[in-house]
Every structure is written in structure tokens, then in C-alpha cells.
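Please look through the structure below with its sequence alongside.

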Amino acid sequence: MKFAWIDLRSVPADHREAVIDAAVHARVDGIVGSDPEVLATLPTTVKRILIGAERPENQGLDDLIVLREVAGNDQLNELRSRHQSGEKDIAGLVNVTDDPTLTLACDTAIALPYTVVQFKDPTKIPLEIVIAAADRAPGQLICQADNLEEAKVIIDVLEKGSEGVLLSPRNSNDVFELVEALRVKTPDLNLTTLTVDSIEHLGLGDRVCIDTTSHFEKDEGMLIGSYAHGFILCVSETHPLPYMPTRPFRINAGALHSYVFGQDNRTNYLSELKAGSPVLAVGADGRTRRIVVGRIKLESRPLLSIKATSPEGVEVNLIVQDDWHVRVLGPGASVLNVTELKQGDKVLGHVATDKRHVGWPVGEFCVEK
């Protein structure tokens, strides 16, 4: 998880206490303020960052981080010297307005433990440059965001984004939403090897292709299944086909009714997905990542039913387009054409123990067959 710094300076007075409580409860990394007395009341579980003043004496703020503006090389050299002399909690704030200040931001990010950057223009190109410059530096880079939407863009810049985001929230809800947006890592899944029991030609039905805004790796796909308790790993169209170009953004996923396994142990029907929906890319080794649907392509095609069983005896079903070019993944990320599957073949899948209600896991009696 990346981290958040919450800036209290422009938070409305009637929301300030609630914002502080939310920041502490949500375990944000730091709280920025210009009043040392307010910072002194914060628990030691959160970094306390003072801006616009020097470190006060005798207020129990020995661990205070002082954020100072860096407007030129003279200020940077002074802070670098203080840091090299043993002052650990040094932070610099650089306002990037042109090429010289962009260079200054890169140098600051390399030299100091903490660097906050703010940008005059809405383009994210300068941020990409600072991120690249500071990539191997030990310090932490924090980018100031004007609002939540900008914060979410900053998080994804160059896939890596800055380590931290500085936001002045409107209210406590903004704090919780920012922290949730920062949870960018999705957990690995335990994949299992399923044994194919049978395949059956079903005739005409509606199938869904999921076109995403990301490029799949050759061993990546999505977990699709007819039942909420079991899924088969459908591979992307990253692998060459003899009669058409590759579509490395596409999963020929399955019939309209099927579940797709997503984030937070939740499922969605393929019929529910649309442009902008978040989905989960899954690798043959169980790694996952959040990606976004670009569009859904629904067409009537002949369908094929694949029935398989887990080592524990859990029955899994997947209904896909009945065509040779539709493929699933097997052990070792082997690519298997669905029309060539036969009894005894092995495919990769995932078995879930939860029953579902509107996609969420629930502990209730439910039979699917």
C-alpha cells in the first residue's frame, strides 16, 4: 500500500476534528499542519509534519518532520547539508512551474528523505520525470493533489506513481476514499489444477468478449465460471492465431450468465460489466492485478460446456464460445484450445468456498448445478 499525507491547512474548521479522527482511524502515514499545538495532540502512530514554521522547543515534538519550501539551489544545499549532518526528518516542498524548477524537484527528490512536489500545470509529464529521477533514491516522493480524482490519477502514473499523495480533504469521507484508492496491490490467489470430465456442444447462445484497457501478459487471463464456487482461467488473445491478428487486450470470456472473479473476493456476472468496470487479471502463478474494462462485446455464437473437477471433488463448469481459437490455461501456463479438450486433460482454475449474494460472499445454504 502507498501512503497518504493529509493537509489540515485548508480543511473547514467544522470538519477538522472529524478529518483528524478519520486520518488516525484509517492509519494514514502523516498529517500536515501549520499549528504545532494541534500536531502535538496527534498520536505517535502518525507522522506529524509541520509546514510554515520552524521546530518549536519543549513541546514533545522531537519526531516532528519540518516541511520547508525549496525555491532554489541555495535552499536545497542547506537542507542537504543539514541532512548529511545527521538531521533525519528533513522534508522539502518544490513548486514546479517550469523546466528549472522541474530539475530542482528531481534533485530534491534524490537528496532528501521526503520531497513534496506540486505542479502548476495539469499535465502529468513532469511527475513522470520526477518519479523516474527518484526511482533509485532512498527518499520518499509525495505528490500534492488538488482533489480526489487527481489523487487517483497520480497513484497510477507510470504504473508505479509517487510513494505518497498529499491531499487537503473536504471532509472525513475524502480521507477514507483516498486510503481505499491507495490499496493498489491485489492479493495473490491460490490456483488449483482441475481435471476435465467432459465437453459438450450446446448450440447457439450469447457470449461475451471482455476488451480491457491493459495489455495482458502471455500467462494472464481471467477466472470465469458458471458457479460462484469454481472458475477456470481463460487466457487472453495475446497468443498468435493463424487467421487473425492478436488482441492482447481481450478475453473471450464465456456465456452471458457466467461469473468473473474480481477484487475483494467479489464476483460479477459478465452481463453486468461495462466500460469502466474494474476487473482482475490473473496470472498462471496466481498473481493478480486490477485492470479496467474498455468495452464489452456481446454476440450470439455456438457454445461449448466444459465440466471439470478439483482434487477435492468440487465440480466446476465453464461455458465458452465453441471455436478452436478460444483458449484456457493449463499447468505451467500451457495454452489449450477449448475444442481440443478431452476427458482427463488438466486446466488451471480457482475454487472458492463462499456462496454468493449479488456477488458478495455470504455464509448461507446454496446449491448450484
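What follows describes a predicted model.

Start with the interior. In soluble globular proteins, nonpolar side chains tend to be buried together. The largest nonpolar core here has 50 residues. Those with the most contacts inside this core are Ile 6, Val 28, Val 130, Val 165, Val 175 and Leu 178. Helix α4, residues 99–111, supplies the largest share of the core, with six residues. Apart from this core lies another, of 29 residues, which includes Ile 232, Ile 251, Val 260 and Val 326.

Leaving out residues up to four places away in sequence, Val 175 touches Ile 6, Val 19, Ala 22, Ala 23, Ala 26, Val 28 and Pro 169.

Next, the cysteines. How many disulfides does a search of the whole structure find? The search finds zero. For Cys 106, the closest cysteine sulfur is in Cys 143, and a bond is ruled out because the two sulfurs are 12 Å apart, whereas a disulfide needs them within 2.5 Å. Cys 234 is also too far from a partner, because its closest cysteine sulfur, in Cys 209, is 11 Å away. Cys 106 is buried at 10% relative accessibility, and Cys 234 is buried at 1%.

Last, a loop residue. Ser 310 sits in the loop between β16 (288–309) and β17 (315–321). Is Ser 310 buried or exposed? Ser 310 counts as buried because its relative accessible area is 5%, under the 20% cut-off. Its side chain makes a polar contact of 3.0 Å with the side chain of Glu 312. Beyond neighbours within four places in sequence, Ser 310 is in contact with Leu 194 and Val 351.

How values were computed
Residues numbered from 1 in each chain as written. Predicted model: local features only at pLDDT ≥ 70, side-chain atom pairs only at ≥ 80, totals over all residues. Heavy atoms only, no water. Helix = DSSP H or I, 4+ residues; strand = E, 2+ residues; numbered from the N terminus. Buried < 20%, exposed > 50% of the residue type's maximum accessible area, 1.4 Å probe, protein only. Polar contact = N/O pair within 3.5 Å; in protein donor to acceptor, adjacent residues only side chain to side chain. Contact = heavy atoms within 4.5 Å. Core = buried A, V, L, I, M, F, W, Y, C linked by side-chain atoms within 4.5 Å.
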